[in-house]
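Colleague: I would like a close look at one part of this model, the surroundings of its ligand. Please take me through them step by step.

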Amino acid sequence: MSDETGRGIGHDSGRDTLHDLVVVGAGLAGLAAAVTAAGFGLRVAVLDANARAGGQYHRHRVDRPPAWAPLARLHTVEHLAEHRVWAVERGDDHFTAHAVAGERDGVAVTVRGRRLLLATGAYDRQLPFPGWDLPGVFTAGGAQALLKGNGVAPGRRAVVAGTGPFLLPVAVGLADAGVRVLAVVEASRPTPRAVALAPHSPARVVEAAGYAAALARRRIPYYTGRAVIAAHADGGALGSVTVARLDADWWVRPGTERELACDTLAVGYGFTPHLELAGQLGCASTPDGFVAVDTRQATDLPGLYAAGESTGIGGAQLSEVEGELAAYAIAGRTPPKALPRRRARLTRFAVGLRALYPIRSAWPSWSDEDTLICRCEEVPRGRIADAARHGADDVRSIKLLTRAGMGWCQGRMCAEATACVLSDVLGRPIAAPAPTRPIAVPIRLGDLAQGAS
Amino acid sequence: MTDETDPAPLDRSGDAGFHLTVDGRRIPVEPGQTVGAAMLAAGIRSWRTTRFAGKPRGLFCGIGVCFDCLVTVDGTPSLRACLVTARPDDEVTTT
Ligand SMILES: Cc1cc2nc3c(=O)[nH]c(=O)nc-3n(C[C@H](O)[C@H](O)[C@H](O)COP(=O)(O)OP(=O)(O)OC[C@H]3O[C@@H](n4cnc5c(N)ncnc54)[C@H](O)[C@@H]3O)c2cc1C
Ligand code: FES
């Protein structure tokens, strides 16, 4: 547990206390919800795996909290930092969250609440390509987390690649930390016309324009319709990347490959929601794989709410509004009319924006037989293709035959990619399995044993 | 085993810093940094080799999702370097 909260290791928030609301995730959505609910007089506990509240967007260095109102009101809730929630259960009239407190010495903690809000956010989606496992290749969010949370730049000469508007703040952040950013390589082609057609809020357009200017000022070229299709080693770590032009389906246009020498690649193809806890409780999901919620941020299970990017990738502002709305619903209050209107506007914008940065089908053609799909168990593409040719026709069978997705990360990094490689071989769409992992966060056996006692 | 290059640029402001050791080598840490961030700032870009192919790994996702960054800290194995906040005189060992 963090020193900042001033509580001792082994503190058990739960056995005697029944909170009105337990929130998993102290990011934009979770913390906005928590302090809003506390403002209505509810007794709230917020658990987060991170040492500091703020989630991904408000990740900050110790003693340098950003000016964000909910952070200033952190003392109005019980903030349980460095609490990894690995299981949630639904009882007759309450929910129980099982957590491991402390990153080093893991102490079992249970927290109970009459309502539960899942605000677990998302992580970078990866599309494997040759060399993506080299040291020096980082997820775009990981590069951002190093900068924001630690004040550490991941290298000296960087390429930022993938798809989506998030690449822009990452490139600007790296440049401002003294990194030479050679290029932002955007696989999609968000033409000015397409951007103009997307439903948008003025604030976001100004923000996008601001980033365009910021890139220009720092002389960072922004290439669209191109991708990093391979990373190459120089003495055991990243030495260069191959950038190539893509056609509309993301096939490489032959002859357009160009090599750029760099020690750092920050790459991300949008975000994937953290759904494990929702999966444990069995609440309904949307067709595109997010937690399904109504206008009150309520799931189909009584007392269970969800907000933020686990309910759809919509950016920072939307996550925060969703959190506030959830708090109103949980406290049984009617939100001011402006709030749902703001959510509707931001949701329209998010949907429009997502449509500009779709993942196209031909990316598996960038990889070869030896390209790792599963990093943990070191399963190359060729072995997955072999298993498919021998009759494995879903991600589960592939996992049993090849061990892809069986390692430490439990398939978080590779489940979607495995499904894509499989559909590539079989020539028909294969869905990535919904996460029904019994344990949301890998924990040590000793911690488990302690939790059982 | 670690693989090192020139240190990445780092803001060395503030004097509350301390040190930890990586396989016996002292490296500087600023308060609040993770073990992994401090190692990267010291130019250590990989510190683990994979079980089968023996490939080097260091930080990748930076937020505790990928498990590439595992280290042993003060004798506790399999900790994610990107999540563990460094403490003075931590003894980090790599494989
Ligand atoms: C690494 C990363 C960096 C990003 N940086 C930026 C940025 O700088 N700017 C930007 O505009 N967007 C950024 N994004 C996009 C970002 O996800 C959203 O804009 C925004 O942070 C979403 O807010 P949220 O509240 O939904 O989720 P988050 O901010 O992701 O908050 C979710 C919180 O839940 C916690 N959590 C999840 N599962 C558990 C569990 N089982 N137990 C305990 N705690 C748990 C996480 O530790 C996290 O703090 C980033 C995304 C990632 C993955
Ligand atoms: S870098 Fe991914 S878990 Fe630490």
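How many nonpolar, polar and charged residues does the shell around ligand 1 have?

Modeller: Bearing in mind that this is a predicted model, the shell around ligand 1 has, by class, 15 nonpolar, 13 polar and 5 charged residues. Altogether 33 residues surround the ligand, and the closest are Ala29(A), Asp48(A), Gln144(A), Lys148(A) and Glu309(A). Because the residues that surround ligand 1 come from chains A and B, the site is shared between chains.

Turning to individual contacts, an N or O atom in the side chain of Asp48(A) is 2.6 Å from an oxygen atom of ligand 1, and the side chain of Gln144(A) likewise places an N or O atom 2.6 Å from an oxygen atom of the ligand. For Ser319(A), a polar side-chain atom lies 3.3 Å from an oxygen atom of ligand 1. On its own the ligand has 970 Å² of accessible area, and the protein covers 93% of that.

As for the elements of chain A that give two or more residues to this shell, they are helix H1 (28-39), strand E4 (83-90), strand E7 (122-124), helix H3 (140-150) and helix H8 (316-330). In terms of domains, at least three residues of the shell come from domain 1 (19-123 + 272-354) of chain A, and at least three from domain 2 (128-268). The C-alpha centres of domain 1 and domain 2 of chain A are 29 Å apart, and the domain assignment of chain A also gives a domain 3 (361-452).

Notes: Residues numbered from 1 in each chain as written. Chains lettered and ligands numbered in written order. Predicted model: local features only at pLDDT ≥ 70, side-chain atom pairs only at ≥ 80, totals over all residues. Heavy atoms only, no water. Domains from an automatic or database assignment. Near = heavy atom within 4 Å. Polar contact = N/O pair within 3.5 Å; in protein donor to acceptor, adjacent residues only side chain to side chain. Areas by Shrake-Rupley, 256 points an atom, 1.4 Å probe, with all protein chains shown as cover. Helix = DSSP H or I, 4+ residues; strand = E, 2+ residues; numbered from the N terminus. Nonpolar A, V, L, I, M, F, W, Y, C, P; charged D, E, K, R; others polar.
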